[in-house]
Amino acid sequence: FAVSDGKTAVRPSYGGMKKAVLTIVNKDGVRGMYAGMSPNLVGAGAAWGFYFFFYNSFKSIFQEGDPKKQLSPAAHLSTASLAGVLTLTMTNPVWVVKTRLCLQSP
C-alpha cells in the first residue's frame, strides 16, 4: 500500500473511539480534534462543486437543451458516472497531498 511506510511503531495506537478522543483532547486540546481540517474542506468542497457542475453539464447535453425532457435511468447513470470520473480526475491531487500530509513525520 502507498501508506505503508514501515513506521507503524511511531504512530499512536488507540484502544477505541473514546480512548482516541480523550488522548487527542488531553494532548492537543479541543483544537487537536480539528487538525488537518483544511485539506478536507478544500477536497470535499472542490469534489462536490466539480461533481454538481459536471453532472448538470452532462444532464443538459443528454436533455439536448430541453430542461423539461425526462432522462431514462440509463441516462442518469451515465451522467452520474461521467461526472464522478471527471470529479475524481480533478480532485485526486488534493487527496494525494492530504494523504502525504497525514503520513509525514511530526
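1. H1 covers residues 17–28; helices here are DSSP runs of H or I with at least four residues, strands are runs of E with at least two, and both are numbered from the N terminus. This is a predicted model, so local features need pLDDT of at least 70 and side-chain atom pairs count only at pLDDT 80 or more, while totals for chains, interfaces and linings use all residues. Residues are numbered from 1 along each chain as its sequence is written, and side-chain values use heavy atoms, with hydrogens and water left out.

2. The overall plan is quick to read: three helices and zero strands, in the order α-α-α along the sequence. Of the 106 residues in the protein chain, 13% are buried. Buried means under 20% relative accessible area, exposed means over 50%, and partly exposed is in between (1.4 Å probe, protein chains only).

3. The expected span is 1.5 Å times one less than the number of residues. H2 (residues 37–62) has 26 residues and should span 38 Å; its end C-alpha atoms are 37 Å apart, which also agrees.

4. Now look at how H2 is covered. Its buried residues are Gly43, Ala47, Phe54, Tyr55 and Phe58, and helix H3 (73–103) is part of what covers them. On the H3 side, have a look at Thr91, which is buried at a relative accessible area of 3%. Leaving aside neighbours within four places in sequence, Thr91 is in contact with Gly43, Ala46, Ala47 and Phe50; contact means heavy atoms within 4.5 Å. The side chain of Thr91 also reaches the backbone oxygen of Thr87 at 2.8 Å.

5. Across the protein chain, take the contacts between residues at least 6 apart in sequence: 62% of them join residues at least 24 apart.

6. Met17, Val21, Val30, Met33, Tyr34, Met37 and Leu41 make a nonpolar surface patch of about 730 Å². Patches are made of residues with over 30% relative accessible area and no salt bridge; like charges are joined within 9 Å, and nonpolar side chains (Val, Leu, Ile, Met, Phe, Trp, Tyr) within 5 Å. H1 and H2 each supply at least two residues of this patch. Tyr34 sits in the loop between them and is exposed, at 54% relative accessible area.

7. Finally, Glu64, in the loop between H2 and H3. Its phi is near 55°, a positive value in a residue other than glycine. Which residue does the side chain of Glu64 meet in a salt bridge? The partner is Lys69, at 3.3 Å, N to O. A salt bridge is a side-chain nitrogen of Lys or Arg within 4 Å of a carboxyl oxygen of Asp or Glu, and by this rule the count comes to one. Glu64 is exposed at 64%, whereas Lys69 is partly exposed at 32%.

Definitions and conventions. Polar contact = N/O pair within 3.5 Å; in protein donor to acceptor, adjacent residues only side chain to side chain. Areas by Shrake-Rupley, 256 points an atom, 1.4 Å probe, with all protein chains shown as cover.
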